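Let's take a friendly walk through the inside of a protein model. Have the sequence and the 3D view ready, and look for each residue as it comes up.

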Amino acid sequence: MLGFLALWAALRTPAIAGLDDWVAANLYDLGPRWVHAAKWIAHAGSFAGSLAIAVVLGGALYRLGRIAFPGLPLFVLLVWGTNSVLKLLVDRQRPDVAFLMTVHGSSFPSGHAMAAAALGGACAWLLCRRWPAARALWIALGTAWMLGGGLARVVLGVHHFSDIMAGYAAAAVLVAVYLHLAPRLSR
């Protein structure tokens with residue numbers, strides 16, 4: 001929570017502006033293949049895409065109890081709802097570049113990054129519970145999902161890097177709550 005609040009407080013500082021500009025200069029519009037991949041990731045990480053993933057994976061892991069299904073889809077709904085409230089509070093403008101896909105609403109925090117981090121973290125944890133021998137694989141996949149879901153938004157020019165970091169920070173709080181509730185919601 002402190003990370004999110006610190007980023008929010010520092011939005012208009014030269015340090016954050018410089019970081020945002022540096023990351024954008026290195027990631028924005030990397031070329032057709034990267035843009036195509038980023039668009040695919042953006043669709044998969046959208047509200048509908050992340051909810052569909054949560055329903056399918058939560059249903060497949062139903063043996064873990066209510067924390068998996070209906071818990072995981074409900075968690076994704078909570079993440080997107082929380083993101084909407086945070087966006088209303090901050091109301092930051094999107095980057096001043098040509099967007100490489102259609103976007104709506106304000107920029108801070110990134111909903112895609114927040115959902116990617118939350119879904120990646122929760123899914124990795126659930127998969128580790130179901131198949132603990134593959135723990136390293138589940139953590140690597142969850143981390144890759146988180147990084148791809150956030151950084152794709154910078155490639156497409158629709159978010160500042162600080163929006164992505166704020167989304168990750170907010171998601172960390174929500175994942176901690178999800179994991180805290182897990183023992184109470186499992187069978």
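This is a predicted model: local features need pLDDT of at least 70, side-chain atom pairs count only at pLDDT 80 or more; totals for chains, interfaces and linings use all residues.

What about a bond to another cysteine? The sulfur of Cys 128 lies 11 Å from the closest cysteine sulfur, the one in Cys 123, and that is too far for a bond. A disulfide would need the two sulfur atoms within 2.5 Å. The structure holds zero disulfides, and Cys 123 is in none. Cys 123 is buried too, with a relative accessible area of 8%.

How do H4 and H6 run relative to each other? Their axes come within 11 Å and cross at roughly 10°, so H4 is roughly parallel to H6. On the H4 side of the meeting place you will find Ser 50, Ile 53, Ala 54 and Leu 57, and they meet Ala 115, Leu 119, Cys 123 and Leu 127 in H6.

Now for the nonpolar interior. In soluble globular proteins, nonpolar side chains tend to be buried together. Here the largest nonpolar core has 43 residues, and Leu 72, Phe 75 and Leu 126 are those with the most contacts inside it. Helices H1 (2-9), H2 (14-27), H5, H6 (111-130), H7 (135-155) and H8 each supply at least two residues of this core. Apart from this core lies another one, of nine residues, including Val 35, Met 101, Ala 152 and Val 158. Going back to Leu 126, what does it touch, leaving out residues up to four places away in sequence? Its contacts are Leu 61, Leu 64, Ile 67, Ala 68, Leu 72 and Tyr 178.

Next come the aromatic rings. A pair of aromatic rings is described by the distance of the centres and the angle of the planes. The count for this model is six aromatic pairs. Two of them are set out here:

| Aromatic pair | Centre to centre | Angle between planes | Type |
|---|---|---|---|
| Phe 75 and Tyr 178 | 4.5 Å | 35° | tilted |
| Trp 131 and Trp 138 | 6.1 Å | 45° | tilted |

The tryptophan pair gives a contrast: Trp 138 is buried, with a relative accessible area of 16%, whereas Trp 131 counts as partly exposed at 41%. Elsewhere, Phe 4, Trp 8 and Phe 108 form one aromatic cluster.

Our last stop is Met 146, which lies in helix H7. Is Met 146 buried or partly exposed? With a relative accessible area of 24%, Met 146 is partly exposed. Leaving out residues up to four places away in sequence, Met 146 touches Ala 116, Ala 117 and Tyr 168. Met 146 and Ala 115 are 31 residues apart in sequence, and their C-alpha atoms are 8.2 Å apart in space.

Technical notes. Residues are numbered from 1 along each chain as its sequence is written. Side-chain values use heavy atoms; hydrogens and water are left out. Rings of Phe, Tyr and Trp (its six-membered ring) pair if their centres lie within 6.5 Å; planes under 30 degrees apart count as stacked, over 60 as edge-to-face and the rest as tilted. Buried means under 20% relative accessible area, exposed over 50%, partly exposed in between (1.4 Å probe, protein chains only). A nonpolar core is a set of buried Ala, Val, Leu, Ile, Met, Phe, Trp, Tyr and Cys residues joined through side-chain atoms within 4.5 Å. Helices (H or I, at least four residues) and strands (E, at least two) are DSSP runs, numbered from the N terminus. Contact means heavy atoms within 4.5 Å. Axes are lines fitted to C-alpha atoms, for helices over the stretch in contact, and angles run from 0 to 180 degrees between N-to-C directions. Angles under 35 degrees count as roughly parallel, over 145 as roughly antiparallel, 65 to 115 as roughly perpendicular and the rest as oblique.
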